[in-house]
Number of protein chains: 2
Amino acid sequence: MDATFTPVGVVRTPYTRAEDTPVQAALNRGQDAVVEIAPEYAAGLDGLAGFSHVWLVTWLHRPHDGAEPATRPAPLRLVPFLLRGTGRELGVFATRAPRRPNAIGLSLVRIRSVEGAQVHVVGVDLLDGTPVLDLKPFFPDADTPDPPLSGGWFDEVELRDGIRPSDVGPP
Amino acid sequence: MDATFTPVGVVRTPYTRAEDTPVQAALNRGQDAVVEIAPEYAAGLDGLAGFSHVWLVTWLHRPHDGAEPATRPAPLRLVPFLLRGTGRELGVFATRAPRRPNAIGLSLVRIRSVEGAQVHVVGVDLLDGTPVLDLKPFFPDADTPDPPLSGGWFDEVELRDGIRPSDVGPP
């Protein structure tokens, strides 16, 4: 049985190509963006301004950067952007790659303000126009793992703020 | 334009009623569960065992506890379980309530082991049979917010491990 969701809003960012889009929201902490909620859902934002951070659950509707329609199934194994230099393949569920069996994105962003149906946020990794399926407030007790922590292969790569696929090299 | 997703697996837990299900995965750190991935997606799990934690992105397909079909739109304002004693209403996007415009769940769980197409995890807040839409490895640099942090109304409630709606009182 399939699940069908109707976007509740859209993200406005300066990014129009996946290759130029930072790979994770928290690695691009300086970039302002706006989440525009459809007017009929604006009442759902009441109370969100009290939180410092919110999860954006998005539909990564352009997994191919618009170059081709997403008709072929997503590969189950791939080389993540951050491992392009090594050629190392991983299962898609061990990566945060945008091309996934279900193209759902998860981005943690800081809330700057909530104004009417607009949520002004900082730190985005999303293409302009990305549909938003849900907003969930960051819940420190639920969203912070207990140690010991292991970040898998992420622990082995060097990250810097604002890193983009095009910084790492060709696919 | 709607987004349609096909579940890639299912969560097996001991919970069959929403009222008895812990309200957040991280508040129920002792409960074992199994994520059963459909065999055709099992190759996507390669590398996941190197992570301590994984996000389960789920379809909360029984927002009414099975008592009625989820045909009516979700309310945009509601009293969260944890605020039942106060009657305080909030916008749904300022809560983690399972009944949402798009019934997508987000649960952070510890990985115990990955065996074939099964991910054995600890800490669940999900009904038995909940469809899994995606698994995303916990990425410490991306999923940990920079201070200052504010947990909004969550900062005002007392939480204890394993707390369930039925502990708090009637809706």
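A residue is taken as buried here if 20 or more other C-beta atoms lie within 10 Å of its own. The model is predicted, and two spots in it are worth a look with that cut-off in mind: an arginine in chain B and a strand in chain A.

Start with the arginine. B:R100 sits in a loop of chain B, the one running between β6 (90-91) and β7 (104-115). As for B:P73, it lies 27 residues away from B:R100 along the chain, yet the two C-alpha atoms are separated by 8.4 Å.

Over in chain A, strand β4 covers residues 53-59. Seven of its seven residues are buried, so the strand is largely enclosed by the rest of the structure. That goes for both faces: A:H53, A:W55, A:V57 and A:W59 are buried on one side, and A:V54, A:L56 and A:T58 are buried on the other.

The strand also has pairing partners within chain A. With β7 (residues 104-115), β4(A) runs antiparallel and is joined by seven bridges; within this pairing, A:V54 is bridged to A:V109. With β9 (residues 131-137), the pairing is antiparallel too, this time over five bridges, and here A:T58 has A:V132 as its bridge partner.

How values were computed
Residues are numbered from 1 along each chain as its sequence is written. Chains are lettered from A and ligands numbered from 1 in the order in which they are written. This is a predicted model: local features need pLDDT of at least 70, side-chain atom pairs count only at pLDDT 80 or more; totals for chains, interfaces and linings use all residues. Helices (H or I, at least four residues) and strands (E, at least two) are DSSP runs, numbered from the N terminus. A residue is buried if 20 or more other C-beta atoms lie within 10 Å of its own, exposed if 12 or fewer, and partly exposed in between; C-beta atoms are placed from the backbone. Two strands pair if DSSP finds at least two bridges between them.
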